[in-house]
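The structure under discussion is shown below.

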Amino acid sequence: MEREIGGLLTDRRIPYIYEKPTAVMDSGKLKVWYPDFSLQYGLLIEYFGVNGERDYIERTRHKLRVYQANQFDTIPLYPSDIIPAWQGRLIDRIGSALASRLRFLRLSYPCQRVAPNSP
């Protein structure tokens, strides 16, 4: 499934890095994780393909909590998300997440407007 996600991002010309080494603080320790897809502005996409295994489910939840604590916006995908028209839904989720992130940046770091003809 990761190949299909990468193909979609490539087709839509959305720049990403596959399994980019990413530093996270986990339980007070600095660790390097490799999220499936790293997009701009700290947006990650993770595909969690195993269904039903209790251990895997807990690791998935832990990973998402750590990403949130480290201020990474993360779009989790599961096998149940891969239904007809999943591509459009994923693109919409990416757009919403990036728009949110950019709104936050604009509010946090407003641009100084300079009047024309000012020294």
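In this predicted model, Val 24 is in contact with Lys 29, Leu 30, Lys 31, Trp 33, Val 66, Tyr 67, Asn 70 and Phe 72, once its neighbours within four places in sequence are left aside. Val 24 belongs to strand E2, which covers residues 22-26, and it counts as buried because its relative accessible area of 1% falls under 20%.

**Surroundings of Val 24**
- Phe 72, one of the contacts of Val 24, lies 48 residues away from it along the chain, and the C-alpha atoms of the two residues are separated by 9.5 Å.
- Tyr 67, also among these contacts, is buried, with a relative accessible area of 0%.

**Aromatic pairs**
- Across the whole structure, a search finds 5 aromatic pairs.
- One of them joins Tyr 16 and Phe 37 in an edge-to-face arrangement, with 5.4 Å from centre to centre and 70° between the planes.
- Because Tyr 16 sits in the loop between helix H1 (2-11) and strand E1 (17-18), while Phe 37 is in strand E4 (residues 37-38), this pair ties together parts that are 21 residues apart in sequence.
- Tyr 16 is partly exposed, at 28% relative accessibility, whereas Phe 37 is buried, at 1%.
- Tyr 67 and Phe 72 form an edge-to-face pair as well, with 6.1 Å from centre to centre and 80° between the planes.

**Ring cluster**
- Tyr 16, Tyr 18 and Phe 37 are linked into a cluster by ring pairs.

Definitions and conventions. Residues numbered from 1 in each chain as written. Predicted model: local features only at pLDDT ≥ 70, side-chain atom pairs only at ≥ 80, totals over all residues. Heavy atoms only, no water. Helix = DSSP H or I, 4+ residues; strand = E, 2+ residues; numbered from the N terminus. Buried < 20%, exposed > 50% of the residue type's maximum accessible area, 1.4 Å probe, protein only. Contact = heavy atoms within 4.5 Å. Phe/Tyr/Trp six-rings, centres within 6.5 Å; stacked < 30°, edge-to-face > 60°.
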